[in-house]
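Open the model in your viewer and keep the selection panel at hand. Each stop below gives you something to select and tells you what is there.

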Amino acid sequence: MPSPSIWHPPRLSMRWWPVFQRNLLVWRKLAIPSLLANIGEPLLWLVAFGYGLGAMVGRVPTHGQEVPYILFLASGSVCMSAMNAASFEALYSAFSRMHVQKTWDGILNTPVQLDDVVLAEMLWAGFKALFSVTAILGVMLALQISHSPKLLLALPILLFAGITFASMALVFNAKAKGYDFFTYYFAVLLSPMMFLSGVFFPRTQLPAFAQTITDWLPLTAVVELVRPLFLDQWPAHPWRHLALLAVWAVAGFWLALAMTRQRFRR
């Protein structure tokens, strides 16, 4: 009987949950160092650029008002942190479990299917990103950067963002032969998004054609959803941005699943 196509629809069950739990239990042993590593860099960006550069920049026009640069940067950097935390987990940690430690091989000797393992890795990376951005938001609240009660709504958005970026990263995880391969992902995709999606400066400063391109980037959608919440406003066109994230997430997961199936057939 011929093997099914690697592109067949996902065959999922609740057996992804024990895999998710396993990753959570392992992470709990190193939770504090892990959180410190994930929040250290964004907070450094915030202090260095928010207070340092912000003193020279002053106020930035965004969403119909002028806001302190540190508030503008904080609302973008928390989105960038969700992207980075989920991507690192779905790349380096997932690759270690899949290729180096052979954890996936052990799991696949049980009734758990590969589709469930990939789903669990995607969801776990998203939730790990949520843990990190929750800590970062706590620090931002302590610094009184924003007092908006609408910030609570940022958490499910950032979770969704983490899942989206995890699904994209798992595509590269499936094709990687070593950790060095991930450099291409950061150089070709994540770094351009970080600088062009409105994290550090308004996208209105970009040429018109560049703005049109960045309208379709997932990080732009996250920034457009989260930044207004920092300003105690409601996002404009929220369903468009959520739909864009959903398309990236579904497409990324399906492609990652197909590439992972192909890898495990060898």
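Is Gln-144 buried or exposed? At 55% relative accessibility, Gln-144 counts as exposed. The cut-offs, taken with a 1.4 Å probe on protein chains only, are under 20% relative accessible area for buried, over 50% for exposed, and partly exposed in between.

Before moving on, note the ground rules. This is a predicted model, with residues numbered from 1 along each chain as its sequence is written; local features need pLDDT of at least 70, side-chain atom pairs count only at pLDDT 80 or more, and totals for chains, interfaces and linings use all residues. Side-chain values use heavy atoms, with hydrogens and water left out.

**Stop 1: two loop residues**

Stay on Gln-144. It lies in the loop between helix 5 and helix 6. Helices are DSSP runs of H or I, at least four residues long, and strands are runs of E, at least two long; both are numbered from the N terminus. Check the backbone: phi of Gln-144 is near 60°, a positive value in a residue other than glycine.

Now select Lys-102. Its loop runs between helix 3 (69-100) and helix 4 (103-108). Phi is near 60° for Lys-102, again positive in a residue other than glycine. Lys-102 is partly exposed, at a relative accessible area of 43%.

**Stop 2: helix 2 against helix 5**

Select residues 31-57 (helix 2) and 114-142 (helix 5). Their axes come within 9 Å and cross at roughly 50°. Helix 2 is therefore oblique to helix 5. By angle, under 35 degrees counts as roughly parallel, over 145 as roughly antiparallel, 65 to 115 as roughly perpendicular, and the rest as oblique. Axes are lines fitted to C-alpha atoms, for helices over the stretch in contact, and angles run from 0 to 180 degrees between N-to-C directions.

The crossing of helix 2 and helix 5 is right-handed. Handedness is left if the near helix is turned anticlockwise from the far one by less than a right angle, and right if clockwise.

Show side chains next. Helix 2 brings Ser-34, Leu-35, Asn-38, Ile-39, Pro-42, Leu-43 and Leu-46 to the contact, and helix 5 brings Lys-128, Phe-131, Ser-132, Ala-135, Ile-136, Val-139 and Met-140. Contact means heavy atoms within 4.5 Å. By class, this contact of helix 2 with helix 5 has 10 nonpolar, three polar and one charged residues. Ala, Val, Leu, Ile, Met, Phe, Trp, Tyr, Cys and Pro count as nonpolar, Asp, Glu, Lys and Arg as charged, and the others, Gly among them, as polar.

**Stop 3**

Remain in helix 5 and pick Ala-125. It is buried, at 0% relative accessibility. Leaving out residues up to four places away in sequence, Ala-125 touches Ala-86, Glu-89, Ala-90 and Ala-166.

Go to helix 6, residues 154-175. Of its 22 residues, 17 are buried, so helix 6 is largely enclosed by the rest of the structure.

**Stop 4: helix 9 against helix 10**

Select residues 218-230 (helix 9) and 238-265 (helix 10). They pack at an angle of about 145°, with axes 9 Å apart. This crossing of helix 9 and helix 10 is left-handed.

Finish on Thr-220, in helix 9. At 1% relative accessibility, Thr-220 is buried. Its partners, not counting residues up to four places away in sequence, are Ser-197, Arg-203, Thr-214 and Asp-215.

How values were computed:
The expected span of a helix is 1.5 Å times one less than its number of residues.
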